[in-house]
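Me: I have a structure open and want to go through it with you. Can we start with the rings and then move on to the ligand?

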Amino acid sequence: MRTIDLRSDTVTLPTPAMREAVYNAELGDDVFGEDPTVNRFEQMAAERIGKQASLLVASGTMANLVCILTHCARGEEVILGDRSHTFLYESGGMSALGGIHPHTISNQPDGTMRLEDIEAAIRGPNVHFPRTRLICLENTHNRCYGSALPPEYIDAVAALAKEHGLSVHLDGARIFNAAVALGVDAKELTRSVDSVSFCLSKGLSAPVGSVVCGTSEFIAEARRSRKVLGGGMRQAGIIAAAGITALEEMVDRLAEDHKNARRLAKGIAAIGGLSIDPERVQTDIVYFELAGNRLTADELVTELGKKGIKILRVGPSRFRAVTHYGISAEDIDLTVKALGEVMKMA
Ligand code: TLP
């Protein structure tokens, strides 16, 4: 039985072209700055994101942590959304390893934070307060329906930050999903922020790796932060080679994942006992809920699993399904059919 794995776009396997590129990659010691494939990749990534320089790191979690450690000193404060990945799912790295204080404010359902809430959270020059140093945004916003934050909103946050002498970091793990969904160049989403992280190993299907982008000066400092975390890698060209293929070949096809996500959402909307607002689905992430208590969330996941379909339970009655490379429209139709059967059983 074929498995349709919709738990995350992180489950994507490298494409044949990536495997070929990895096999043929020219390698060197990247801690000496001598891996030609890493160097080529980092230049390419910086250009795509519209920043002077970039740095290859092991994961999205490491990318965000490297940026926060580079922007902030111990005791300083970061303003970020209460549903942001960095706050919820990165093991509290900024405080555990950096002595940095997270100050959360509400994420709106579309992944934004209200400008007035951000402004109210910025600390004044009082000896009792930690010093505010950084604002973090997330685009697309994972927990907020995978929504894409538009360039104007990001620019408005950056303008506010500038007014108060703060920096802005963008967790752009899925920045290319946002760009494709909004029909803009990724650079429009990054033009006003100080640092950006993005992932190769999600919708872009590379096996591993994330990237930090910023000014040359920022990246030189970020290189130190990466080293401190044990993230200086050696012949990392085997990772960068797949990253080059990812940037060259896997960005435009994200539109197909978004189309499949909408197809899935519409299918779910027609199934009794499940609730979803298909209008919310803009990118590859679909959230839906059990509308009644005919069966438990765990039972739904288990029954679906017996039919070869994997989704993630993300709350007492809430689920997430993510479309990606390797998932076809036919797979979506099979998923909707299976979900309908499971709900009928209940
Ligand atoms: N997200 C993963 C899980 O950790 C939940 C997923 O399946 O969606 N920023 C954002 C917005 C993310 O969604 C993720 C991963 C990360 C950062 C961290 O990336 P990794 O997993 O490479 O450390």
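Me: How many aromatic pairs does a search of the whole structure find?
Reply: The search finds three aromatic pairs. Rings of Phe, Tyr and Trp (its six-membered ring) pair if their centres lie within 6.5 Å; planes under 30 degrees apart are stacked, over 60 edge-to-face, and the rest tilted.

Me: Which kind of pair do Y145 and Y287 make?
Reply: Their ring centres are 6.1 Å apart and the planes stand at 85 degrees, so the pair is edge-to-face. Y145 is in the loop between β5 (131-138) and α7 (151-163) and Y287 is in strand β10 (residues 285-290), so the pair ties together parts 142 residues apart in sequence. Helices (H or I, at least four residues) and strands (E, at least two) are DSSP runs, numbered from the N terminus.

Me: What should I know about the model itself?
Reply: This is a predicted model, where local features need pLDDT of at least 70 and side-chain atom pairs count only at pLDDT 80 or more, while totals for chains, interfaces and linings use all residues. Residues are numbered from 1 along each chain as its sequence is written, and side-chain values use heavy atoms, with hydrogens and water left out.

Me: Ok, the ligand. Which residues come nearest?
Reply: S8, G60, T61, D171 and R174, out of 14 residues around the ligand. A residue counts as near if one of its heavy atoms lies within 4 Å.

Me: What is the make-up of that shell, by nonpolar, polar and charged?
Reply: One nonpolar residue, seven polar and six charged. Ala, Val, Leu, Ile, Met, Phe, Trp, Tyr, Cys and Pro count as nonpolar, Asp, Glu, Lys and Arg as charged, and the others, Gly among them, as polar. Helix α3 (residues 60-71) gives the largest share of the shell, three residues.

Me: How far is a polar side-chain atom of R174 from an oxygen atom of the ligand?
Reply: 2.8 Å. For R320 the distance from a polar side-chain atom to a ligand oxygen is 2.9 Å, and for an N or O atom in the side chain of K202 it is 3.0 Å.

Me: Switching to the backbone, which residues does a cis peptide bond join?
Reply: N139 and T140, with omega about 0 degrees. T140 is in the loop between β5 and α7.

Me: And what is phi of S91 near?
Reply: Near 55 degrees, a positive value in a residue other than glycine. S91 lies in the loop between α4 (85-89) and α5 (93-98).

Terms used
Polar contact = N/O pair within 3.5 Å; in protein donor to acceptor, adjacent residues only side chain to side chain.
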